[in-house]
Amino acid sequence: MTKTPDFDAVVVGMGITGLYQLYRLRELGYDVLGLEASDNLGGVWHQNRYPGCRIDSESEIYGYFWNKELMQEFNWTERFAAQPEVLRYIHRAADYMDIRKDIRFNARVRSATFDEANGYWTLRLQDEGSAPLTTRFFFSALGPLSAPQMPNVDGVHTFKGETYHTARWPRDPGGFGPAKLDFSGKRVAVIGTGSSGIQVIQELAKVAGRLTIFQRSPNWATPLGNGPMSQERMDHIKANYDRFIAACDTSIAGFPHQFIEKNLQDVAKDERDATLEKLYHGPGFSLWLGAYQDVLTDTKANAYVSEFVAAKIRQRVKDPKIAEKLIPRDHGFGVKRVPLETKYFEVFNQDNVDLIDLNETPIERIDKTGIQTTEKHLDFDVIIFATGFDAIKGSWNRIDIRGRGGRRLREMWDNEVKTYMGLQVADFPNFFMLVGPQNGATFCNIPRCSALVTDWVTVLMRHVRSEGIKLVEPTEEAQDSWTSYCAHLLSKMLLGQTNSWFTGVNKNIEGRNKRETLLFVGGNPKFRQYCDSVEADNFRGFKFDGGVARAAGTAA
Ligand code: NA7
């Protein structure tokens, strides 16, 4: 290793996770740089500015718990904050970290190549005119949902009216929220009924002249339970933050909901129905992450809850034919991401709203004036694509990442995604992924769980610094063991047997029809225990400067 790189550590992606990792590395004494493709920080909260965009996590647990001053200063105004408030919060956190001076904006990384002779990474930016950067350590905090995906429909780019993708919404130049677009009286189409589609539909139904919803797959949405945050409640939260944090840290996905430690079938029908009723009307993911422990693993228990939610949809939607179309048939409750809603189902009782079931009448093409289905042509002023993302590995696939011997991460992952702890990949030394495939923070309340992962990576990087280590990478053996462990855990969950972005299936992308092991579903406490055991065992599974620190133990 002859040459000295420009930086000790570069963190790519300045969302909630990357900002914190950058800060922690700087505080450790590393010479750092943050790179962000966009013109400002905030990640998904900077980009996803569609009307109705908000968090499905209770506001008070969607934050940086390491900063006690910020926790005491910031007053959330709603129980589930809207996007502008979340972004304002992230900007305030950035003030506390004094981090903007360490970030280069409008810097999209095109490729990252490991230079074996010098033991560092060379990053090239999209902007051809910029010189490559070199860094010893390359941290990628790209976000699992940051590569927007358009539908693979003929003519998708030919429409002459207004088009928007929920994940690339125009911004209010002077504020944190969306640009002030006027949809009143307009004929608006929304394609997609995932979490984003449901949120935007709820809002636009209030103003659009005609709102036409193109639904391919309905979802098991449940009530969000939002409302204003009273000062009294905010004061209570501030006085009891430790308890709120503890509740998250002992729960499977970092939310303040715990599964009931009983199987559904073991509980008398009256009691279980009363419990499900209470959870359905409870806040946030109460029903998804707080019901009986077997609902997400046992087909019968799952079918029972699915039927319970189906009955709610039938109660809420006046037209029985439309209600049936809104009830999912291809998956049970909670085995895909559960969208949370506020009067979503009631939207279908409005005169200005139509539902097009794409299973009955698929879209044939989009043209200059509107959308042609197999049944009819509909003219629109606006088409909104709420068609999601090339999720999880898609964010990483957008960068040409090459490790030892020119190995391309993308090509390796076309075959099979393998990682150690969702943090590193064998033959890609000094390359770290945060909230990527198979990481403990990805199937989790991301701000909370990613901060815990970042804290742990910081412990590893402190060790690296104090020992003067130049190369960190996992052993193949540790990687195989971790990947098998993730696959084993996933196979026990019904969601592992279901096509969705959780399992890497995306009908809009060629070749993405087979399920993959992209998530660690063992839960936040188990992931942290694993991290602790690795640290206690002399960073088991990692190699430092080419030498094996210690043989990898079995993952379980
Ligand atoms: P999702 O959850 O991936 O939803 C995308 C929606 O778009 C979903 O209803 C899709 O139907 C639909 N879609 C995608 N492609 C098409 C085409 N070609 N034709 C018709 N409909 C289509 O993305 P979101 O942005 O809503 O949410 C992503 C995550 O962000 C969410 O889970 C939260 O964690 C935050 P499909 O189900 O594929 O049949």
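Residues are numbered from 1 along each chain as its sequence is written, and side-chain values use heavy atoms, with hydrogens and water left out. As the model is predicted, local features need pLDDT of at least 70 and side-chain atom pairs count only at pLDDT 80 or more, whereas totals for chains, interfaces and linings use all residues.

Five strands form an open sheet in the order S7-S16-S8-S9-S12, with parallel pairing; strands are DSSP runs (E, at least two residues) numbered from the N terminus, and two of them pair if DSSP finds at least two bridges between them. Its edges are strand S7 (162-165) and strand S12 (353-357), each of which pairs on one side only. From one strand to the next the twist averages 15°, where axes are lines fitted to C-alpha atoms and angles run from 0 to 180 degrees between N-to-C directions. Strand S9 (residues 210-215) is joined to S12 by five bridges in the parallel sense, and Leu211 stands opposite Val353 in S12.

A further open sheet has three strands, ordered S13-S14-S15 and paired in the antiparallel sense. Strand S13 (363-366) and strand S15 (377-379) each have a single partner strand, so one side of each is left without a neighbour in the sheet. Here the twist averages 20° from one strand to the next. A hairpin of three residues joins S13 to S14, and the antiparallel pairing of S13 with strand S14 (residues 370-373) covers three bridges. Within this part of the sheet, Ile363 stands opposite Thr373 in S14.

The ligand is surrounded by 21 residues, the closest being Thr193, Ser196, Arg216, Ser217 and Asn508; a residue is counted if one of its heavy atoms lies within 4 Å of the ligand. Domain 1 (7-41 + 99-147 + 391-544) and domain 2 (150-225 + 255-388) each supply at least three residues to this shell, the domain bounds coming from an automatic or database assignment. By class, the shell holds seven nonpolar, 10 polar and four charged residues, with Asp, Glu, Lys and Arg counted as charged, Ala, Val, Leu, Ile, Met, Phe, Trp, Tyr, Cys and Pro as nonpolar, and the others, Gly among them, as polar.

For an N or O atom in the side chain of Arg337, the distance to a ligand oxygen is 3.1 Å, and for Trp501 it is 3.3 Å. Taken alone, the ligand exposes 770 Å², of which the protein buries 84%, by the Shrake-Rupley method with a 1.4 Å probe.

Conventions:
Helix = DSSP H or I, 4+ residues; strand = E, 2+ residues; numbered from the N terminus. Polar contact = N/O pair within 3.5 Å; in protein donor to acceptor, adjacent residues only side chain to side chain.
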